[in-house]
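I opened this entry to record a helix contact and a sheet. The notes below follow the order in which I looked things up.

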Amino acid sequence: MQIRDLPYSDPGDPDVRSGPRFLIWLGRRQLGGQLRSLAWGLLHHCAIAGLPLAVGLAVQAVIDDSGRDLVTAGVLLVVLGVLIALGDTMLHRTAVTNWITAAARVQQLLARRTAELGSALTRRVAAGEVVAVSTGDVEKIGWFVEALSRFLAAATALVLICVGLVLYLPSLGVLVAVATPVLALAVLPLLPRATRRADLQREKAGKATELASDTVAGLRVLRGIGGEELFLGRYRRASQEVRKAAVRSARMWALISAIQVFLPGVLLISLVWYGATLARDGLIDVGQLVTVYSAATLMLFPLRNVEEIAMAYSFSRPSAQRAVRVLSLRRTTRPPTADTVVRRTTRPPTADTVTPRGDLYDPVTGLMAPQGLFTAVVCGDPDEAGRLAERLGGHAEPHSGTRAEADETPEPVPSVLLGGVPLDELPLDSARTAVLVQDKDPVLLSGTLRELLDVPSSGAVSAEEALAAARCGDVLDALAQASVDADGDPMNTRITERGRSLSGGQRQRLALARSLVTDPEALVLDEPTSAVDSHTEARVAAGIEQLRRGRTTVAFASSPLLLDLADRVVLLHGGTVVAAGTHRELMRDEPLYRAVVTRETEDETASPAAPGGLAVIDGLRPAPADEEMARAVEEIEERA
């Protein structure tokens, strides 16, 4: 696999039983590149190992006053120099190719798993951990794959050099052969402690980065409540912890580096002293001493590869374990039932066979969204509403909002049915084509507005119709003013990352327009108008109802403006549907529904009505300034 051939058409099915098994699987997938790198590494190291022999011949030729031997040694040095240059160049090329292709393979695997799980991933694994795995951990895993072939070449060269020295000059070769394993393994006992300190530094740096990111994201609120100094002090303390952890980690790596310099120095001094003694006594020639000394000196170079592979493995093993934690997560799927197989084989082969149509039904809560109707769902628990919205999209989350360990076996949850077909039995692409879920915090990717709305769709709804239904007229005007085109076309205006240049309501309406463009069989909206004012909310609700008329639409909301336009309203309490009807019927007959929609407390429900026959609604009372500040600080602290 060459870099120009990336990305992989199929990155493969990884072994996610453990971190080391994942590294072994990755190495096997890179076997061709590893063998090429090994071959060039052997050429490089063996050519280096031949230098002492050529130098020794040259020295002995000068001593013996032999011009022919001197010319032979010179030619040999030239040939070895060419081989060293060629081997080093190709070794670097193939090793870096292994690194890049291995990292690309891991990134593709992570991207595929992220796309498969969707937003359910962040409920199983922290979002920061996913980012860390796809950046720093991928580099460490690639480093191990790249260093593996160079280590094998270096280890083979070391064995050949030691055997050659023992055969060439046993009196000094045995000393080198005995000392080489000691030099290679001397720092291994220190690596686990150094790795733990490096992991601690990485963990503290990640927390400091998250704190800084959350502070920047909530900077406007912080300035409003005067909390800038509070969070600045927290970041300073976190930064100092990172600095202390980095110093402790650097001390350990400095000790390892010192040992790597001290022990080879001891070997070379001992070798020179003992060899000089033998040469003085006439037991060996000066050229032989120079040859062995040069070989021992050049052995320090392949020895660094032994130390490098130990460091690479100590860093990549926890990184691989974190990658396995993400890659081991699976979408909850079940094999098709016999009834489903019969139903599919007896129906004619139409488009409905791939994308089912019909009522959307959740057997867990009893929620039924009839085909072609606008169904609103009222739930007093926002987290419960979010989990139900994800389940309606075929992203079952068996763990109620908790982050489950990857090795835990989740309990099976009955699948949501669309037209009687379980979504879990459909391929992922078909399930997402059938049911689209827009959560309460949609993300806008950077790019032009035209690119934002260029999504897979049925083609029945144009971008202009979707923008009009989402009431994005003021957003288009603002984008037209910011457009760099002469004609001021807002569709060509770039939207910054996550839509930070827009207000919350503008971002929400653009995300709604993007969802409307897709025109899925069933559209699930979680609080689609929570960030707009009441006037805009009424217009947006009317736009959704008009554009989606005749199509299955489910909206999680508690706004009377939107609920009044729904064909059917369902009240969810305690994870079960407890009432269904129109908004006006439920307001009249269901006290629980009325309390959720009007935000009445138990005391206010029992108290007499205010003058004019209107109940006093706690949600409309202005909260004291100190309560507003306390809530804002609490929200930011939770994010941090």
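I worked on a predicted model. I began with the sheet: it is open and mixed in pairing, with 6 strands in the order β6-β9-β10-β3-β11-β12. I then looked up its edges and found β6 (435–438) and β12 (576–581), each of which pairs on one side only.

Which residue in β9 is the bridge partner of leucine 436? I recorded leucine 523.

I then asked which helix lies across β6 and β9. I identified helix α18 (residues 504–518), which runs at about 180° to β6.

I turned to a helix pair. Two packed helices are described by the angle between their axes and the distance between the axes, so I looked up both values. For helix α1 (residues 19–29) and helix α10 (residues 286–327), the axes cross at roughly 95° and come within 7 Å.

Which residues in α1 meet α10? I listed Gly19, Pro20, Phe22 and Leu23. On the α10 side I listed Tyr313, Ser316, Arg317, Ala320, Gln321, Val324 and Leu327. Sorted by class, this contact of α1 with α10 has 7 nonpolar, 3 polar and 1 charged residues.

Key. Residues numbered from 1 in each chain as written. Predicted model: local features only at pLDDT ≥ 70, side-chain atom pairs only at ≥ 80, totals over all residues. Heavy atoms only, no water. Axes fitted to C-alpha atoms, helices over the stretch in contact; angles between N-to-C directions. Helix = DSSP H or I, 4+ residues; strand = E, 2+ residues; numbered from the N terminus. Contact = heavy atoms within 4.5 Å. Nonpolar A, V, L, I, M, F, W, Y, C, P; charged D, E, K, R; others polar. Pairing = 2+ DSSP bridges.
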